[in-house]
Amino acid sequence: MKLSHEKIVQRTAARAGRRTLQLGEEAGGRIRRLSKRSWLILAGIAVLTVGGLWWWLRPEPVKPILPVVQVEPAETDDIELYGEYVGRIRAQQFVEIRARVEGFLEKMLFEEGTYVKKGQPLFIIDPKLYEARVNKAKAQLNKDKALELKADRDLKRIRPLYEQNAASQLDLDNAIASYESATASVAMSEADLTQAETALSYTTVSSPLSGYISERSVDIGTLVGPNGKSLLATVVKSDTVRVDFSMTGLDYLKSKARNVNLGQKDSTRKWDPYITITLADNTQYPLRGLVDFADPQVDPETGTFSVRAEMANPDRILLPGQFTKVRLLLDVREDATVVPTKSVVIEKGGAYIFVIRPDSIAERRLIELGPEVNNRVIVERGVVPGEKIVVEGFHKLTHGDKVAPVPVPEKSSATETEASEK
């Protein structure tokens, strides 16, 4: 008799159920036979297993993310403070060559624009008239000397005769008067000769100093002198020039507050006020000039006072009359505490910076600012040299935040890295 498929499945399931029930009864009997100590061991094993699984599968704790800021230590340095002004170049000496006697210009003995030496002849004015005056004065002097000699002989002859009562008192008086008159005439003739010779010397016009001469102001053959055109040329001594510029009354007060007297040397200072100038092509002149004069009074119309500095000009790069930019050293702040300008925050209540304490806590600190120079600012109060100042990332900080400070990367290292990459 064949069994259907459904009956076979039912019988198989019944056998499996009876077997499972039998095994369960046997296991229950064994479990009931376990001791109390065994139960405790099994419980401990279960606890350890569960704890190990929890430790293994637990989520990692979330670490707090600290803001990263770049810091830089506050430094001490000697800070130079400058002022900028507009200056004008002026020659150390500027002399106009003029004709001192009247006459026609005969010769020019130089090349225009060249260097001339002191005493070098430059122009010749027609000397004939002045030579004649010299000759006339010499002749008159010789005549007066002859008359003086005759008067001297007459006096020497009359005096013994008067002593012997052979000549009257009137004869002696006349002889003395003639001699004194002749002596005075000689002195006057000598003065006339000196005057004539001086006028003759003026016909040769010489340079009063060494320097560069301009072009001539008159042509050859022109009547020059007191009744004609007297200016012949100019000589400029420009191997040393003077730089003139103006400062305000406020600059003066500030310099006095720093015990700096412009135009006066001070042996107690390690430095002297000097200037540098910028040329027309925006390049800096390589030499410096020292301030040697400051006007003791302020111009009431402009509110400024004049300052002058002398500067060497051996190559004649600086031309008199030229305008230039002047940069004047006003003061040197020695051992000043400085911080980067970009680290300072300025608000209505004042200026402050963030200082990182040794425990990496950011501290908002009010400071008193001084002058700013080259992207650095002097801190008068509020910061001690060596303290770490936040220069990047301070916008995300508040007072008391814990941060992750990192030093500012050095520019030299960054430059070497870029060069190696290229």
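Which residue lies over the face of Y82? R327 does, at 3.8 Å from the ring centre; a charge sits over a ring here if NZ of Lys or CZ of Arg is within 6 Å of the ring centre and within 35 degrees of the ring normal. R316 lies likewise over the face of Y212, at 3.7 Å from the ring centre.

Before going on, a word on the ground rules. This is a predicted model, in which local features need pLDDT of at least 70 and side-chain atom pairs count only at pLDDT 80 or more, while totals for chains, interfaces and linings use all residues. Residues are numbered from 1 along each chain as its sequence is written, and side-chain values use heavy atoms, with hydrogens and water left out.

Back to Y82, which also has an aromatic partner. Searching the whole structure turns up five aromatic pairs, where rings of Phe, Tyr and Trp (its six-membered ring) pair if their centres lie within 6.5 Å; planes under 30 degrees apart count as stacked, over 60 as edge-to-face and the rest as tilted. Y82 and Y274 make an edge-to-face pair, because their ring centres are 6.5 Å apart and their planes stand at 75 degrees. Y82 sits in strand β2 and Y274 in strand β10, so this pair ties together parts that are 192 residues apart in sequence. (Helices, H or I with at least four residues, and strands, E with at least two, are DSSP runs numbered from the N terminus.) Y274 counts as buried at 8% relative accessibility, whereas Y82, at 24%, counts as partly exposed. The cut-offs are under 20% relative accessible area for buried, over 50% for exposed, and partly exposed in between, with a 1.4 Å probe and protein chains only.

Y85 and F245 give you a stacked pair, 5.6 Å centre to centre with 25 degrees between the planes. With Y85 in strand β2 and F245 in strand β9, this pair ties together parts that are 160 residues apart in sequence. Y85 is buried, with a relative accessible area of 13%, and F245 is buried too, at 3%. Leaving aside neighbours within four places in sequence, F245 is in contact (heavy atoms within 4.5 Å) with Y85, V86, G87, I275, F305, S306, V307, V326 and L328.

As background, nonpolar side chains in soluble globular proteins tend to be buried together.

Not counting residues up to four places away in sequence, S230 touches I97, R98, A99 and G225.

Now for the helices. α3 (residues 128–163) has 36 residues and reaches 53 Å from its first C-alpha to its last, close to the 52 Å expected at 1.5 Å a residue; the expected span is 1.5 Å times one less than the number of residues. Among the buried residues of α3 are Y130, V134, L141 and I158, and its buried residues pack against α4 (169–201). After α3 comes N165, whose phi is positive, near 60 degrees. The 33 residues of α4 should span 48 Å, and its end C-alpha atoms are 48 Å apart, which agrees. L172, A175, V186 and L193 are among the residues buried in α4, and the buried residues of α4 pack against α3.

Two strands pair if DSSP finds at least two bridges between them. β15 (residues 350–356) and β16 (residues 362–373) run antiparallel and are joined by six bridges, with I353 opposite R365. Their hairpin has five residues between the strands, where S360 takes a positive phi near 65 degrees. β16 then pairs with β17 (residues 376–381), again antiparallel, over four bridges. E372 has V377 as its bridge partner in β17. Two residues separate β16 and β17 in their hairpin, and N374 in the turn has a positive phi of about 50 degrees.
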